[in-house]
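Hi,

Here is the structure I promised to pass on.

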Amino acid sequence: MTAETHEFKTEMKQLMDIIVHSLYSHKEIFLRELISNAADAIDKVRFESLTNADILEGDAEWKIKLVANEEEKTLTITDNGIGMSRETVAEDLGTIARSGTRAFMDQIQEAKDKELPELIGQFGVGFYSAFMVADRVTVVSRAAGQSGAIKWESDGSGTFTLEEVEKTSRGTDITLHMREEASDYLQQWQLRQLVTKFSDFIEHPVVMDVEKTSGDGEDEEKTTTIEEETLNSQQAIWLRPKDDVDEEQHKEFYHHVSHNYDDPLETVHYTAEGVIEFRALLYLPRQRPFDLFMPDSKTGLHLYVKRVFIMDDCKDLIPEYFRFVKGVVDASDLPLNVSREMLQHNPMLEKIKKNLVAKLIGTLKNMKEKRYDDYVTFYSAFGAVLKEGVHADFENKDKLADLLLFRSTKSDDDDTHVTLQDYVAAMPSDQEEIYYLVGENLDDMRESPYLEVFQARGQEVLLLSDPIDEWVTQSLQEYDGKKLKAADKGDIGGDKSDEKQKKKDEKTFKGLLGHLGEKIGEVKEVRLSSRLTDSAACLVADEHEMSAHMERLMKRMGQDAGVPPSQRILELNASHPVVVALQKRYDDNDSDPAIEGYGRLLYDQAVLAEGSKLSDPSSFATRVNALMLAELDGGAAPNNADEAAKPAGAKKKSTAGPKKKAATTTGSKKKAAKKKAES
Ligand code: ADP
């Protein structure tokens, strides 16, 4: 049978090129990748054989064999695992099936040299690392239970060939035709060293034929025999006593189970006894993997039953919000011949999961209390995922809330965090609620007018800038009996002693508020504010309405279809000179068209202050221009700004504009846009 030639998918060509040319300084990882694949293949056939013993054809002596041929310059890695059918070979070794490929390409091009090995494996490109050391790779494989075998061959440059061949034993032989500069890897000591360094804990024996000489040639005849030597210790690291495993071994095992190449930030190794017995070895990564938020990211733990591998990425063992945790669970109470279907919703797994969650929460709590810097490293990588738990895990909501870190108005420094405990402990005795503001950008939030009154009252406000924070606050609702309250929603209450003044103000400004309420159709009400001390105006949402931030998020996610934008309330600051002057103008002449123009400017600055975009920026510019003109040459009021902004000579002189510059706000540094609007 002649070989058929196939083209690699386009992205494969690119990938191959990148692997060969940019990963050359990490060549040695090829061996661990291939041994790891071989071990996975053996795990798979062993698992299949639990329910179908025939599949083994009597060969259950699991083995991964390395054969180096220095003359031919080839290295062959042989396994008696599950093997690959023609379809699997073409699919698995011709494409990168996972949708992360594009992201991988982008990342690898940006990545620094030392980060590259971390990227391999994360994307399932392990096999292709063979091309770093080989200029041709031949794979001969026979799938368990099938009679024919298939040969795949490629020089990695764009095509591969497929040919039907004979193979007596089950499994896969991968032959690397070594590049000249990689021929060192054919030497026994090199292979031995690489196996002990990277694959020591692999549960199946990694063997190699070695020459053994006996006799000294004098008294005894010198004889040389070839013996198969096992290169790895094969110890199931998770079953060993905790203190017997050193940091180096944990690192290597972590790399193996996680496909990550950073070092674990925390290791959790324990035995659960009692209602359910199992052994767990879990790792918290240091770095956030690229695919943490991708739907097809590999999550879950490896499940073993009494040392026998059952499945990887077992999602039923760990809730989604702990999806960054890597490791192994070995359960002795599960029957060995469990099928994967049976595992789903298995009450035993549910119990293990509960236990793991409690252990992980405890571990994080401990890290937060005892190794705060490490906890902050952890939190910057995975805090956003942990927050999903507050939303998703009702039972553990409060414990998870204790683990959250926030920025707040107490500090200008983005590296300083507070916990909810800290916040509550520092609350003035008359404060009843926990205040927060959600937004996109901490710098903008710190300048927000919504914070003014809290600052004046000496109350702290949590600044939440994670997209998920909006959901967190909605799910949490309260902490330690204190309600969470958005600084930009509803009524935030005022000082009781101000009641009298408030009544008086309401009377004074009644006319203006009603007038603007009629003219500015975008808002449902114009009222006086108890939030503002420095700014003239702000927009607030009703208690149960979506905040501006949430509305923007929904829009960005394309989920705003059919949801009418909620109407906000425009709040004015009764002690701001602009508002006072505007009321005065209204009192002088309640039909002055300039009042609406100024009112709209107040509305526009409030829109900018909440972080939204102006719906009609050109009208805003025209109004501001009119004001500038009025200041510069005593020109027009903002309502007939179109006229005013026309080039000199083309416009009629207006008399309606203000003669004096509007008062500027005092005290706080306000954003440029607002300055523009107010000066
Ligand atoms: P990953 O192992 O991350 O999935 P690889 O590129 O290393 O990515 O391998 C791609 C696929 O090829 C594997 O998932 C597996 O299905 C198949 N494969 C690779 N090596 C072997 C092997 N020795 N035996 C059986 N299947 C293999």
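Is R136 buried, exposed or partly exposed? R136 is partly exposed, with a relative accessible area of 35%. On that scale, buried means under 20% relative accessible area, exposed means over 50%, and partly exposed is in between (1.4 Å probe, protein chains only).

Before the rest, some housekeeping. This is a predicted model, so local features need pLDDT of at least 70 and side-chain atom pairs count only at pLDDT 80 or more, while totals for chains, interfaces and linings use all residues. Residues are numbered from 1 along each chain as its sequence is written, and side-chain values use heavy atoms, with hydrogens and water left out.

Now the overall picture. The protein chain has 22 helices and 22 strands; these are DSSP runs numbered from the N terminus (helices: H or I, at least four residues; strands: E, at least two). Of its 679 residues, 52% are buried. The chain exposes about 32600 Å², and carbon and sulfur atoms supply 47% of that (Shrake-Rupley method, 1.4 Å probe). Taking contacts (heavy atoms within 4.5 Å) between residues at least 6 apart in sequence, 70% join residues at least 24 apart.

Next, the charged pairs. Side chains of opposite charge can pair when their charged atoms come close. I counted a salt bridge when a side-chain nitrogen of Lys or Arg is within 4 Å of a carboxyl oxygen of Asp or Glu, and the count comes to 37.

R136 from the opening question is in one of them: its side chain meets that of E153 at 3.0 Å, N to O. That pair links distant parts of the chain, with E153 in strand 5 (residues 149-154) and R136 in strand 4 (residues 134-142), 17 residues apart.

E369 and K365 form another, at 3.7 Å. They sit four residues apart in helix 9 (residues 347-370), so about one helical turn separates them. E369 is exposed at 53%, and K365 is partly exposed at 43%.

R600 is buried at 16%, whereas E522 is partly exposed at 34%. Elsewhere, salt bridges that share partners connect E61, K63, K65, D209 and E228 in one network.

Last, helix 20 (residues 617-633): its buried residues include F620, R623 and L627.

Cheers
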